[in-house]
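Subject: Structure handover

Hello,

Here is the structure for your files. Please open it alongside this email.

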Amino acid sequence: MPALWIAHVTVTDAEAYGRYAELAGPAIARHGGAFIARGGRFVQLEGRERPRNVVARFPSVEAAVACYESPDYQAALDHARGASERELMVVEISE
């Protein structure tokens with residue numbers, strides 16, 4: 001079943017986070033991910049607000065987790081560590 005990769009992010013170092021974004025997009029695409037939303041307008045109804053919200057669709061939970069654990073995504077993630085506060089989850093789509 002398809003899955004969504006959902007990230008809620010507060011960027012604290014725009015330059016370093018920009019390097020993350022340059023590398024993360026291609027890594028996500030190589031693992032079958034496609035962006036549905038990146039940034040954009042949102043309305044926070046409950047919980048902690050983060051100004052950047054990203055959603056990518058993957059073929060499966062396993063594909064999304066494999067992407068996260070891959071060397072190419074981990075190399076990208078090195079730039080986000082210390083440059084952002086974030087939560088990331090993968091949720092299976094019930095179709």
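Below are the findings, grouped by element.

First, the ground rules. This is a predicted model, in which local features need pLDDT of at least 70, side-chain atom pairs count only at pLDDT 80 or more, and totals for chains, interfaces and linings use all residues. Residues are numbered from 1 along each chain as its sequence is written, and side-chain values use heavy atoms, with hydrogens and water left out.

**Strands**

Helices (H or I, at least four residues) and strands (E, at least two) are DSSP runs, numbered from the N terminus. Two strands pair if DSSP finds at least two bridges between them. Buried means under 20% relative accessible area, exposed means over 50%, and partly exposed is in between (1.4 Å probe, protein chains only).

Start with strand β3, residues 52-58. Five of its seven residues are buried, so the strand is largely enclosed by the rest of the structure. Strand β1 (residues 3-11) runs antiparallel to β3, joined by seven bridges. Leu 4 stands opposite Arg 57 of β3. Strand β2 (residues 34-38) also pairs with β3: four bridges, antiparallel. There, Ala 37 has Val 55 as its bridge partner.

**Helix α1**

Helix α1 has 17 residues. From first C-alpha to last it reaches 24 Å, close to the 24 Å expected at 1.5 Å a residue. The expected span is 1.5 Å times one less than the number of residues.

Asp 13 caps the N-terminal end of α1, with a side-chain oxygen 3.2 Å from the backbone nitrogen of Glu 15. After the helix comes Gly 32, whose phi is positive, near 90°.

The buried residues of α1 are Ala 16, Tyr 17, Tyr 20, Ala 24, Gly 25, Ala 27 and Ile 28. They pack against β1, β2, β3, α2 (61-69), α3 and β4 (84-92). Contact means heavy atoms within 4.5 Å.

**Aromatic rings**

Rings of Phe, Tyr and Trp (its six-membered ring) pair if their centres lie within 6.5 Å; planes under 30 degrees apart count as stacked, over 60 as edge-to-face and the rest as tilted. The whole structure holds six aromatic pairs. One of them is Tyr 17 with Tyr 20, a tilted pair at 4.9 Å centre to centre and 45° between the planes. Both residues lie in α1 (residues 14-30), three residues apart, about one turn of the helix.

Tyr 20 lies in α1 and Tyr 73 in helix α3 (residues 71-80), so the pair ties together parts that are 53 residues apart in sequence. Tyr 20 counts as buried at 7% relative accessibility. Tyr 73 is buried too, with a relative accessible area of 0%.

Ring pairs link Trp 5, Tyr 17, Tyr 20, Phe 58, Tyr 68 and Tyr 73 into a cluster.

One ring carries a charge above it: the charged end of Arg 38 sits over Phe 35, 3.9 Å from the ring centre. The test is NZ of Lys or CZ of Arg within 6 Å of the ring centre and within 35 degrees of the ring normal.

**The loop between β2 and β3**

Arg 50 is found in this loop. Arg 50 is buried, with a relative accessible area of 3%. Its side chain makes a polar contact with the side chain of Glu 85, at 3.1 Å. A polar contact is a pair of N or O atoms within 3.5 Å; within protein, one must be able to donate a hydrogen and the other to accept it, and residues adjacent in sequence count only if both atoms are side-chain atoms. Not counting residues up to four places away in sequence, Arg 50 touches several others, including His 8, Phe 42 and Arg 86.

Pro 51 lies in the loop between β2 and β3 as well. Pro 51 is exposed, with a relative accessible area of 52%.

**After β4**

Ile 93 lies in the segment after β4. At 16% relative accessibility, Ile 93 counts as buried. Beyond residues up to four places away in sequence, Ile 93 touches Met 1, Pro 2, Ala 3, Leu 4 and Arg 57.

Best wishes
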